[in-house]
Amino acid sequence: MPAVQSMTGFASRDGALDGLTFQLDARSVNGRSLDVRVRLPAGYERFEPDVRKAIAATFKRGSISVTLSVRRAEAVTHYGVNHDQLNIYVDAIHTLAQSGSVAAPRADGLLALRGVIETPQEESVSTPDLSADLSSLLVALTDDRCAEGERIGAVVAELLDRIETLQRDIDGHPERQLPAIKARLMRQIEDLLEGSTGLSAERLHQEAALMATRADVREELDRLVAHVAAARALLAEGGPIGRKLDFLAQEFNRETNTICSKAPHHAITALGLDLKAVVEQLREQVQNLE
């Protein structure tokens with residue numbers, strides 16, 4: 001079963017290869033789709049298509065950036081003395097010294113003259129193949145995203161339990177039981193009779209039925225049960241389920257708003273507001289999932 005992944009993660013790999021030291025970093029944050037950014041030093045541009053292809057094959061969503069830093073490994077540099085150039089300087093200074101124009105030079109002054117000290121020419125270094133390191137980096141990033149996804153999945157499961165509990169509390173509230181419904185309707189009918197003259201029995205029956213329908217949240221409660229079951233099935237399924245859970249969170253919110261607006265009693269309204277707060281927490285959590 002595929003693991004549930006968060007879109008947040010970090011991984012890093014470093015090493016040495018062909019006289020170079022390198023560091024590969026990968027960062028992943030939330031994104032509506034898959035957005036890849038690659039930062040490579042000069043001379044490594046040819047790796048960018050491979051990096052993008054590997055990321056697209058590994059992840060479905062998230063804003064992912066991969067950065068490569070490379071530097072030459074420290075090496076012992078051997079210096080040499082260009083004796084021909086040094087002799088030219090010495091002869092010129094000796095001639096000037098005889099005429100009294102300059103004083104005799106010091107050794108450090110001679111060595112500082114241009115062209116006297118020579119360093120070896122830097123050799124061009126080919127860009128090494130970092131494919132294996134990139135694969136290892138993406139495996140590590142996947143592991144990090146899965147670890148965070150497991151934590152978020154546990155939070156989502158707990159929130160679904162709380163939604164289910166609140167749904168049952170609303171469904172079983174005394175104000176939704178038949179005696180309370182009848183008493184409430186009788187009071188509303190009495191109010192209608194007091195405020196109306198010549199109201200027929202048929203019209204009275206219609207008004208009572210309309211009142212009962214407007215206050216009935218049975219359908220919304222049933223849909224909440226179905227949404228909880230669907231969300232749990234998605235968690236069990238795993239993989240890139242973030243979009244589907246986000247859609248379900250919107251449905252949870254729609255049903256909760258309707259329950260609050262139709263609630264026949266302030267106590268049920270209070271439970272609906274508690275439910276709305278939990279649904280909002282659910283929405284925030286699932287938006288972190290791939």
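The side chains of Glu290 and Arg145 meet in a salt bridge, with 2.9 Å from N to O. This pair links distant parts of the chain: Glu290 lies in the segment after α9 (266-286), Arg145 in helix α4 (residues 131-171), and 145 residues separate them. A salt bridge here is a side-chain nitrogen of Lys or Arg within 4 Å of a carboxyl oxygen of Asp or Glu. Helices are DSSP runs (H or I, at least four residues), numbered from the N terminus. Both Glu290 and Arg145 are buried. Buried means under 20% relative accessible area, exposed over 50%, and partly exposed in between (1.4 Å probe, protein chains only).

The model is predicted: local features need pLDDT of at least 70, side-chain atom pairs count only at pLDDT 80 or more, and totals for chains, interfaces and linings use all residues. Residues are numbered from 1 along each chain as its sequence is written, and side-chain values use heavy atoms, with hydrogens and water left out.

The whole structure holds 15 salt bridges. One of them joins Lys262 and Glu220 at 3.5 Å, N to O. Lys262 sits in helix α8 (residues 242-262) and Glu220 in helix α7 (residues 218-237), 42 residues apart. Shared partners join Glu219, Glu220, Arg223, Glu255 and Lys262 into one network of salt bridges. Glu220 is buried, at 5% relative accessible area.

Arg52 forms a salt bridge with Glu48, and their closest N and O atoms are 3.0 Å apart. The two residues are four apart in helix α1 (residues 48-58), so about one helical turn separates them. Arg52 is partly exposed at 34% relative accessibility. Glu48 is also partly exposed, at 27%.
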